[in-house]
Each structure stands twice: as C-alpha cells, then as structure tokens.
Amino acid sequence: MAHILLVDDDELMRALLSGVLRRVNHTVIEADNGRTALQILKKNSVDLIITDIFMPEMDGMDLLTSILSRYPDSKIIAISGGYKAMNAQLSLRMARGFGAVDVIAKPFRTADVIRKVARALQPTNSPIRKEA
Amino acid sequence: MNNTQPAQNSPDTGAGPLRPVPSGPMALQECDTRNSDSGNTLDFAMLTEMKQELGDSFSTVMQHFQAGMLARPEKISLALQANDPELLARESHSFKSVCKQLGLTQMGQVAANLEAIGRTGRLAEAEPLVGQLIAAGAWAHRELKKYCAASGPPPPFFQKTASAPLRG
C-alpha cells in the first residue's frame with residue numbers, strides 16, 4: 001500500500017491516526033513537527049502527507065508551503081481543530097487554498113480518515129520523491 | 001465536608017457556565033458516586049468505530065489515551081505551577097483535541113478555556129479549571145479502562161451512567 005508521512009505534535013493523535021492507517025496496510029512515518037517532516041522528506045519518498053495545521057516549531061501551513069514549493073505534485077491532507085480565533089473550518093479552508101488535496105476537521109471519524117486517504121491516493125499524481 | 005471551589009469564568013475566556021466541582025482527596029470518590037447529568041460522556045459510537053478501524057491495535061492506542069487522561073491535566077497543572085502561560089495554552093490546546101476526539105466535549109471546553117486563559121496570561125483564573133480537568137481526567141481514565149476491558153460494545157445502561165464529574 002502507500003507510504004504516508006504523518007505530522008502532528010500530539011503523540012496521542014499520532015498514535016490514533018497511525019494505528020488506523022497501519023490497519024489498512026499503509027506504511028507510516030511519523031514526525032512531531034514541520035522541521036522534522038522536511039528532514040524526513042529529504043531521505044524518504046512518500047505517497048501522501050497528513051499534517052496537523054497548528055504545531056509549535058513550524059506549523060502545518062508553513063510546512064504545506066515548503067513542501068509544495070519543493071515537490072509541487074505532493075498530496076497533502078491537512079488536519080485541524082482550530083486555534084485561537086481561527087476555527088477548524090477557516091483554517092482548513094486556508095489549507096485548501098495553500099494546496100492541500102483534502103482536509104479533515106478534528107474531532108474526526110476514523111472511517112472518514114480512511115476514506116479520504118484512499119481518495120487522495122488515487123493515481124493521479126506521482127509520489128513525493130526524496131531529493132536527489 | 002465542603003471542599004468545593006467555585007469555577008470563576010471570565011467572560012472573555014469564552015467559558016460556559018461551568019459549575020463548581022469538588023476538589024481535594026475525597027473529590028473523586030464523591031464524583032464517582034453521582035449520576036451526573038452534565039452531558040459530558042465518552043462518545044461510544046466513536047470508540048466502537050475506532051475499535052473496528054484499529055483492530056488489534058485498539059487496546060494499545062487506548063492505553064495511550066488512558067494514560068493521557070491522567071498525564072495531560074498534570075502537565076497543564078505543572079504549566080500553571082511554573083507560571084508559564086504559553087505552555088499552559090499549548091498543553092491545553094493539545095488536550096482539547098484529545099478530549100473532543102473521545103466525545104468529551106465539556107472537558108474539551110474546559111481545556112479550551114484554559115488555552116484562552118494561557119493566551120491572556122490571567123493565570124489566577126486557571127486554578128479551579130485545572131482542578132476540574134484533573135478530576136474529570138481521572139474519571140475519563142477509569143471509563144476508558146472499563147470500556148476497553150469489556151468485550152464488544154457497552155451495554156445500554158453503561159452509556160447512561162458514564163458521565164464526567166464536571167458539575168456541582
């Protein structure tokens with residue numbers, strides 16, 4: 001199945017999401033912030049990136065921009081529960097504007113995650129290749 | 001015995017009408033014996049779905065969540081003790097999502113209120129809310145443990161009694 005990079009600063013949410021994704025035979029690489037995610041992408045090819053939006057260090061919106069500037073064909077799903085004055089829907093709309101192929105609002109149904117991941121993985125784009 | 005603390009919510013924290021909850025060593029015992037109508041319950045539909053989607057790893061993931069129900073409010077409490085509003089906001093923000101993922105909306109709201117308090121820096125308002133969160137976290141820990149110990153979906157009576165101690 002697919003190689004997925006999962007980026008979330010919350011270890012519980014990572015445990016939940018990676019458990020769900022591994023259950024359907026995806027390989028999951030985890031990162032707890034955007035900087036680590038970028039390091040991982042230098043060394044690994046992935047088919048899909050799932051990232052939380054609001055994280056310390058480097059947030060998901062910056063990560064989204066950075067990834068898409070380096071790997072324009074990337075497939076990214078953004079996840080958010082909202083933060084400060086920005087609610088989940090607004091932040092996810094922004095994420096779509098920044099190039100996310102799909103978005104997931106927290107709290108999420110695990111079945112929705114599987115469905116959206118399957119849809120995002122449909123073969124329209126090439127995988128996100130590591131840097132040569 | 002009257003060791004309750006009133007929850008004093010500032011209007012600009014976005015706090016709802018949180019009722020006072022017991023605090024101190026006897027508080028949890030008191031909370032457990034009540035059939036609360038607080039409306040703050042675990043989302044059993046969500047848990048059952050997670051169980052189906054996670055399969056064998058459900059118990060492992062739930063062990064993480066159970067531990068988090070005790071550890072996260074403790075981290076929030078430590079942030080408050082350290083007088084660190086930024087850390088308080090960050091930890092509360094994180095715990096808010098975890099609570100809501102389990103259907104613990106009222107606990108999630110308390111965490112959201114603490115996040116707002118952390119952002120405004122008015123830490124004096126945080127103490128009663130942290131007390132509520134610690135008590136409710138202990139309750140949620142036990143309910144998750146009960147749910148995971150039971151095989152199959154919970155019986156209907158379980159759903160009616162599984163209410164968090166976020167009330168007076």
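**Salt bridges and the interface**

A: Over all chains the rule gives 14 salt bridges, a salt bridge being a side-chain nitrogen of Lys or Arg within 4 Å of a carboxyl oxygen of Asp or Glu. This is a predicted model, where local features need pLDDT of at least 70 and side-chain atom pairs count only at pLDDT 80 or more, while totals for chains, interfaces and linings use all residues; side-chain values use heavy atoms, with hydrogens and water left out. Residues are numbered from 1 along each chain as its sequence is written, and chains are lettered from A and ligands numbered from 1 in the order in which they are written.

Q: Which residue does A:Asp52 pair with in a salt bridge?
A: A:Lys106, at 3.5 Å from N to O. A:Asp52 sits in strand β3 of chain A and A:Lys106 in the loop between β5 and α5 of chain A, 54 residues apart. Helices (H or I, at least four residues) and strands (E, at least two) are DSSP runs, numbered from the N terminus.

Q: Is A:Asp52 buried or exposed?
A: A:Asp52 is buried, with a relative accessible area of 5%, and A:Lys106 is buried too, at 12%. Buried means under 20% relative accessible area, exposed over 50%, and partly exposed in between (1.4 Å probe, protein chains only).

Q: OK, and how many salt bridges cross the interface of chain A and chain B?
A: Two. In one of them, B:Arg72 meets A:Asp10, with the closest N and O atoms 2.9 Å apart. B:Glu49 and A:Arg109 also meet in a salt bridge, at 3.0 Å from N to O. B:Glu49 lies in helix α2 of chain B and A:Arg109 in the loop between β5 and α5 of chain A, so this pair joins two chains.

Q: How accessible is B:Glu49?
A: B:Glu49 is buried at 13% relative accessible area, whereas A:Arg109 counts as partly exposed at 33%.

Q: What area is buried between chain A and chain B?
A: About 2,000 Å², of which carbon and sulfur atoms give 60%. That is the accessible area (1.4 Å probe) that two parts lose on being put together, summed over both. The contact (heavy atoms within 4.5 Å) takes 21 residues from chain A and 25 residues from chain B.

Q: Which helix gives the most to the side of chain A that touches chain B?
A: α1(A), with eight residues. The residues on that side of chain A divide into 12 nonpolar, three polar and six charged. Ala, Val, Leu, Ile, Met, Phe, Trp, Tyr, Cys and Pro count as nonpolar, Asp, Glu, Lys and Arg as charged, and the others, Gly among them, as polar.

Q: Switching topic: which residues of α5(A) are buried?
A: A:Thr110, A:Val113, A:Ile114, A:Lys116, A:Val117 and A:Ala120. Their cover includes β1, α1, β3, β4 and β5 of chain A together with α2 of chain B.

Q: And the folds, what does each chain have?
A: Chain A has five helices and five strands, running β-α-β-α-β-α-β-α-β-α from the N terminus. Chain B comes to seven helices and two strands, in the order β-β-α-α-α-α-α-α-α.

Q: Last one: how far apart in helix α4 of chain B are B:Glu86 and B:Arg90?
A: Four residues, so about one helical turn separates them. They form a salt bridge, the closest N and O atoms being 3.6 Å apart. B:Glu86 is exposed at 56% relative accessible area, and B:Arg90 is partly exposed at 36%.
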